[in-house]
Amino acid sequence: YMELEEDAPLDGRSRTTTRIHVSTSDSTVNVLRCMGVPLVTSLGEGGLQYLLAGVRATAGAKSGCYFFEVRIVESLAYEPLGAKARGPKPQSLVRIGVSLAESSLFLSASESNVCFDSEGFFSCETQRIKIAPEFLRGQTVGLLLNLDASSSNAHTVSLFHDGLRVAPPQKLPPNLLGKALYPTLTFRGVTLHVNFGPVPLAPLPFSCWMLQQAAEADIEVAPVCDRNEVLLPVGLPDTGVFEWVDHFLERNPGYTELSRRSVLAWASTSGAWQPQGGQGSVDRPVLQSGVHLIDEVCVDRLSSVAPALGHNYIVMELEGNLLLEERRKVLERYPAPRFKRVAVVLLGDP
């Protein structure tokens with residue numbers, strides 16, 4: 001493709017002094033960030049290896065033209081699924097894009113983001129169009145976010161492989177304009193080297209600021225949570241407890257629900273097959289993907305690893321939260337003072 005961008009103009013404005021990296025809290029629970037090095041991967045056993053992982057950067061761009069990169073440093077091999085299993089495919093997957101703060105971490109799953117994926121597709125407003133070649137292990141993939149109103153390519157995103165353009169600039173949808181857009185990654189079965197700058201892994205054919213070099217006025221920095229919280233809703237069956245939880249999560253997107261129903265939704269978003277009209281109750285739906293690790297192991301493994309990660313949780317176990325001994329077992333996994341532990345007792349009409 002003919003290069004359509006021009007060299008970045010001289011800009012004497014004050015640069016950000018905030019170190020930009022992938023967030024330790026604004027991520028799915030299976031994400032592992034390597035401290036001290038710019039690598040990110042996901043948990044690789046207990047069924048969690050089949051679920052999509054998502055993570056957002058700690059800062060987003062409001063204006064200007066900025067660049068960031070990822071490189072697939074390894075593709076992870078998992079045990080083959082049985083002939084009857086309908087597990088997620090492909091096993092290795094990368095999506096690189098931008099999203100709104102506190103929106104879904106699953107790129108291409110909502111209208112609050114746009115992304116390019118490792119199969120060469122561009123996803124925007126839930127539409128997915130083939131526009132570029134695939135990218136593979138060892139390649140450096142860069143995304144240019146152009147929010148410079150004076151540019152001929154204003155309000156677009158562009159994809160680069162090893163420093164070369166592989167597709168025309170793609171227009172951002174109207175609902176994303178005028179808002180801070182955060183670099184976001186959705187992936188499975190890979191380890192990624194993430195680079196926000198200041199030095200590119202694969203230089204572009206034109207001069208461009210990387211996100212770490214952004215003018216302070218051009219970016220929004222995500223707030224930092226000093227202390228995490230674990231919340232246990234306590235209520236009787238058929239009194240609107242799940243509706244309350246849904247409403248709470250809508251108003252508090254920084255919380256992660258830990259429950260069988262949340263794993264069911266996560267597995268479905270990740271491409272795991274589920275039959276129509278699932279079995280079981282709302283509190284304990286039956287997982288039926290045909291992948292043993294997802295159906296039988298994943299929920300317990302998620303509960304065991306969650307306390308080690310920096311997230312706010314809402315533990316939605318209707319029966320368990322009603323029982324003193326079960327609540328005590330949960331709280332023992334989330335020690336104070338690292339976690340603020342809260343029980344919300346729901347009474348009255350739903």
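Which residues line the largest cavity? This is a predicted model, and a search of the whole structure finds one cavity of 30 Å³ or more. The space in the largest cavity comes to about 40 Å³. Its lining is formed by Ala61, Tyr66, Phe67, Phe68, Val98, Leu145, Leu181, Pro183 and Leu211.

Look at where these residues come from. Strand S6, residues 64–75, gives the most to the lining, with three residues. The lining of the largest cavity has nine nonpolar residues.

Next, turn to a pair of helices. Two packed helices are described by the angle between their axes and by the distance between the axes. Here the pair is H2, residues 260–269, and H3, residues 292–305. They pack at an angle of about 120°. Their axes lie 10 Å apart. Angles of 65 to 115 degrees count as roughly perpendicular, and those over 145 as roughly antiparallel. H2 and H3 are therefore oblique to each other. The crossing of H2 past H3 is right-handed.

Which residues make the contact? From H2 come Arg260, Val263, Trp266 and Ala267. From H3 come Ile294, Asp295, Cys298, Val299 and Leu302. The residues of this contact divide into seven nonpolar and two charged, with no polar ones.

How values were computed: Residues numbered from 1 in each chain as written. Predicted model: local features only at pLDDT ≥ 70, side-chain atom pairs only at ≥ 80, totals over all residues. Heavy atoms only, no water. Axes fitted to C-alpha atoms, helices over the stretch in contact; angles between N-to-C directions. Helix = DSSP H or I, 4+ residues; strand = E, 2+ residues; numbered from the N terminus. Parallel < 35°, antiparallel > 145°, perpendicular 65-115°, else oblique. Left-handed = near helix turned anticlockwise from the far one by under 90°. Contact = heavy atoms within 4.5 Å. Nonpolar A, V, L, I, M, F, W, Y, C, P; charged D, E, K, R; others polar. 1 Å grid on protein atoms, 1.4 Å probe; cavity = no way out; pocket = protein on both sides within 12 Å on 5 of 7 lines; lining within 4 Å. Points joined across faces, edges and corners; volume = space filled by probe spheres on them.
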